[in-house]
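Subject: Structure handover and notes

Dear colleague,

I am handing over the structure below, followed by notes on what was found in it. Please read the notes with the coordinates open beside them.

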Amino acid sequence: MIEATPTTNELERIQALQAYQILDTKPEKEFDEITQLAANICETNMAAITLIDIERQWFKSVLGLNATETSRSVSFCGHAIHAPESVMVVADTSDDERFKDNPLVVEGPEIKSYAGAPIVDRNGRALGVLCVFDSNKKDFSEAQLSSLQSLSHLVMNQLQSRLMYNDLSGFLKLQSKDLKYKVEYTGKKEISAKQKEIDGLKAKLKVLEESEKATKLLLNSTVKELKETVEVTVEATGKLEELNKHMPLGVSQSISLSSNLSKIKHSLLGLKRVAENAGIYEQVQNDELPEGGNVEAMNFLEEISTDDFSQLNKNKRVSFCIDNPALILEKPIQLVKTIMDVLVYNALAYSNFSSEVKIDCKETEDKVVFRVKDIGVGIPEEEQKRIFEPFFRASNVSISKGLGVGLSIAKIVTDKLGGELSFESKEGEGATFKLVLPKK
């Protein structure tokens, strides 16, 4: 057995971990749900969120194992944190010099396979690992490993949200004690001013609580969509494998093969879209906006109209019109693309068969105006006020699956860019979404 050793930035890493005040805390539902989902997606009988302390690995959440911690020297995760950006995979522990005679392998719980995605903070320090492991040898798919890494990012987001909430709550308690002291020893003017300050802090705390609720909702929706995506991928791949094993490829089999390949491609693109949107949401929430792109609007619209989702809707057309082909987009192009991707994706999803989605780009003195128009189901008039609410889906869109987070993310990003996002729609005739952005 090869024991887990300290990292090169060990002191800095331990200080960062202790700052989160998470060690030896009680179980929390938000973390347990991530652990359960990781096990479901990777199809293992054990999973854990581990935090690597000085001499131990402590489990914030654990599934299938009756323990709260183990020695760091025998831990698998102690090895995984040495490569913060990678997922460590051990398909067969009996064939790995590091672990073949490890107590966790030769004794209980008799680990035969393992995969661990480090939980990494903004400064690149691995605080712990989201891991899955099994008592049987196992090969993990690329989709499973990608999902595991995405879930590890959500664990880090939950740690940050928890710390912010605790810090503000503690500050508010200190301010309340200070006010009580001032009530006894100061005049009414100072008391009144202090009360206003406390009321302001209470308002901020309420905003933070709402933000935490929104974060949890986003977490739940993201992991749900990841799960559904992986399940569809696995199902389609299984059918394809069975077809290759038992049947010669005749005409009918070729049709079935093509259908399964299409399902796989849709699923993988869905996984990619979820990960990209989660990344953009985190950047915007942290005010980490990328720099401007200085991209030609003509090239930008060509890319939007010919991306993978457009290609997968070959029965529908995407066209665009621009009044100034030389127009340069100076806003962060990654954020503008996130907004336009949502608008074009929705237009394709909810437009009529064989219809055309039109993208229009016009320039004014200080603004750039995009319009995305479709001919489709439209939005019921009584529901239009709620269309940008997180997780809201119009009652007439059962023809297409979705969680209702795309437009809410597009609205948040638009507001961060100082722009405006609006729409006009009539049920049964389609919708036109209008995006107005400042040039600079």
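In the pairing of β8 with β10, Val318 stands opposite Val357 in β10, and six bridges join these two strands, which run parallel. Two strands are taken as paired if DSSP finds at least two bridges between them, while the strands themselves (E, at least two residues) and the helices (H or I, at least four residues) are DSSP runs, numbered from the N terminus.

Before going further, please note that this is a predicted model, in which local features need pLDDT of at least 70 and side-chain atom pairs count only at pLDDT 80 or more, whereas totals for chains, interfaces and linings use all residues. Residues are numbered from 1 along each chain as its sequence is written, and side-chain values use heavy atoms, with hydrogens and water left out.

The sheet

β8 and β10 belong to an open sheet of five strands with mixed pairing, in the order β8-β10-β11-β13-β12. β8 and β12 stand at the edges with a single partner strand each, so one side of each is left without a neighbour in the sheet. On average, neighbouring strands of this sheet are turned by 15 degrees against each other, direction ignored; the axes are lines fitted to C-alpha atoms, for helices over the stretch in contact, and angles run from 0 to 180 degrees between N-to-C directions.

Strand β10 (residues 356-363) is joined to strand β11 (residues 367-374) by six bridges in the antiparallel sense, and the two form a hairpin with three residues between them. Within this pair, Asp360 stands opposite Arg371 in β11. On to the next strand, β11 pairs with β13 (residues 430-438) over eight bridges, again antiparallel, with Phe370 opposite Leu435 in β13.

Two helices lie across these strands: α8 lies across β8, β10 and β11 and runs at about 170 degrees to β8, while α11 lies across β12 and β13 and runs at about 140 degrees to β12.

The nonpolar cores

A nonpolar core is here a set of buried Ala, Val, Leu, Ile, Met, Phe, Trp, Tyr and Cys residues joined through side-chain atoms within 4.5 Å, where buried means under 20% relative accessible area, exposed over 50%, and partly exposed in between (1.4 Å probe, protein chains only). The largest such core has 37 residues, and those with the most contacts inside it are Phe300, Met340, Leu343 and Phe370. At least two residues of this core come from each of α8 (297-305), β8 (317-322), α10, β10, β11, α11 (406-416), β12 (420-426) and β13, and the largest share, nine residues, comes from α10. Leaving aside its neighbours within four places in sequence, Met340 is in contact (heavy atoms within 4.5 Å) with Phe300, Ile304, Ile359, Phe370, Val372 and Leu435. A second, separate core of 31 residues includes Ile34, Cys42, Phe140 and Leu145.

As for helix α10 (residues 333-350), its 18 residues should span 26 Å at 1.5 Å a residue, and its end C-alpha atoms are 26 Å apart, which agrees; the expected span is 1.5 Å times one less than the number of residues.

Salt bridges

A search of the whole structure finds 20 salt bridges, each being a side-chain nitrogen of Lys or Arg within 4 Å of a carboxyl oxygen of Asp or Glu. In one of them the side chains of Arg162 and Glu28 meet at 2.9 Å, N to O; Arg162 lies in helix α5 and Glu28 in the loop between α1 and α2 (29-42), so the pair ties together parts that are 134 residues apart in sequence. Arg162 counts as buried, at 12% relative accessibility.

Two further pairs lie within single helices. Arg13 and Glu10 meet at 3.1 Å, N to O; both lie in helix α1 (residues 10-19), three residues apart, about one turn of the helix, and both are buried. Lys29 forms a salt bridge with Glu33 in which the closest N and O atoms are 3.9 Å apart, and the two are four residues apart in helix α2; Lys29 is exposed at 60% relative accessibility, whereas Glu33 is partly exposed at 35%. Asp24, Asp53, Arg56 and Glu69 are also linked in a network of salt bridges.

Best regards
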